[in-house]
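Me: I'm new to this one. Could you walk me through how to read it?

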Amino acid sequence: MTRRTQAILFDQPGLIATRPLQLKEREANEALVAVEVSAISTGTERLLYSGDMPAFPGMGYPLVPGYEAIGQVVRAADDGGPAEGTRVFVPGSNGFLDAKGLFGASASDLIVRADRLAPLPDSVGDEAVLIALAATAHHALMRGEQLPDLIVGHGVLGRLAARLALAHGGAPKVWETHSGRMTGAQGYEVLSPEADARRDYRTILDLSGDAAILDTLIAHMARGAEIVLAGFYKAPLSFAFPPAFRREATIKIAAEWAPSDMDAVMARLADGTLDLAGLLTHRASPGEADKAYRTAFQDADCLKMIIEWGAGA
């Protein structure tokens, strides 16, 4: 019998709905997960919502957004993986019959390959929905020749990067331009770019997504330093060559997290050296999805919006 799920859908750019979808039949290596909460990404999901996301294999509308969910395994895979009753992180699903699942975590029930599920420590609550972002931050940190001494952006990803850098023994500063996001630092300094007179940063991690930021960053670099780009930039990036030439600047790109990054984050959660507290600021039910997504995308005071699937549609 085909199972149904309640899902959030982008029917087309700018149009959000919550309605039932058919799930595909579960295969031997797949588990069925009942979702507790999912989270809204203000990077990739904003681009999917606006229609600005570059084409990827599997893209199209209608689609189920989201790559951050936690839930409980209600049917374990036949050939291994987390047992029934295990609480897991879900990085998405493509198990829908009548919608695209390029990401696909924003639904009440998900068919997911068992090897993609990450069992969660008992000590972590709803904030476990942030571990994909934490793994992304860890991956970006590891792309540099050394830990960043400057992180650009004090949203959730920037805060996670700063916390992980501290856990690794670093001492970053963080730039932020929105006054409401300059609070909440845990052991590091947050300041505006205009207030920073330093011109000798060795590794700069940019999480801003601002395609026009390179000239500003290069002006604050030491000779032979590097910039790691870990935001998502929908516009072409450019920079003035002479200042970069004088500094022999290196520019790197950090993409999506790898399994080793997830393993590193899970280990830090287990031993208590990574704290995810204080980053979930807004909650909504599935039936409030349209308002929730607009809040997440438009309200700078919203660090992270989560959808509570137990709250009804």
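Me: How far apart are the mean positions of the positive and negative charges of the protein?

Reply: First, some ground rules: this is a predicted model, where local features need pLDDT of at least 70, side-chain atom pairs count only at pLDDT 80 or more, and totals for chains, interfaces and linings use all residues. Residues are numbered from 1 along each chain as its sequence is written, and side-chain values use heavy atoms, leaving out hydrogens and water. For charges, Lys and Arg count as positive and Asp and Glu as negative, while His and the chain ends are not counted; each charge is placed at NZ of Lys, CZ of Arg, CG of Asp or CD of Glu. Here the 29 positive and 39 negative charges have mean positions 3 Å apart.

Me: What share of the residues is buried?

Reply: Buried means under 20% relative accessible area, exposed over 50%, and partly exposed in between (1.4 Å probe, protein chains only). In this protein, 51% of the 313 residues count as buried.

Me: Is Glu-248 buried or exposed?

Reply: Glu-248 is exposed, at 52% relative accessible area.

Me: What does the C-alpha trace span?

Reply: Along its principal axes, about 65 × 40 × 30 Å.
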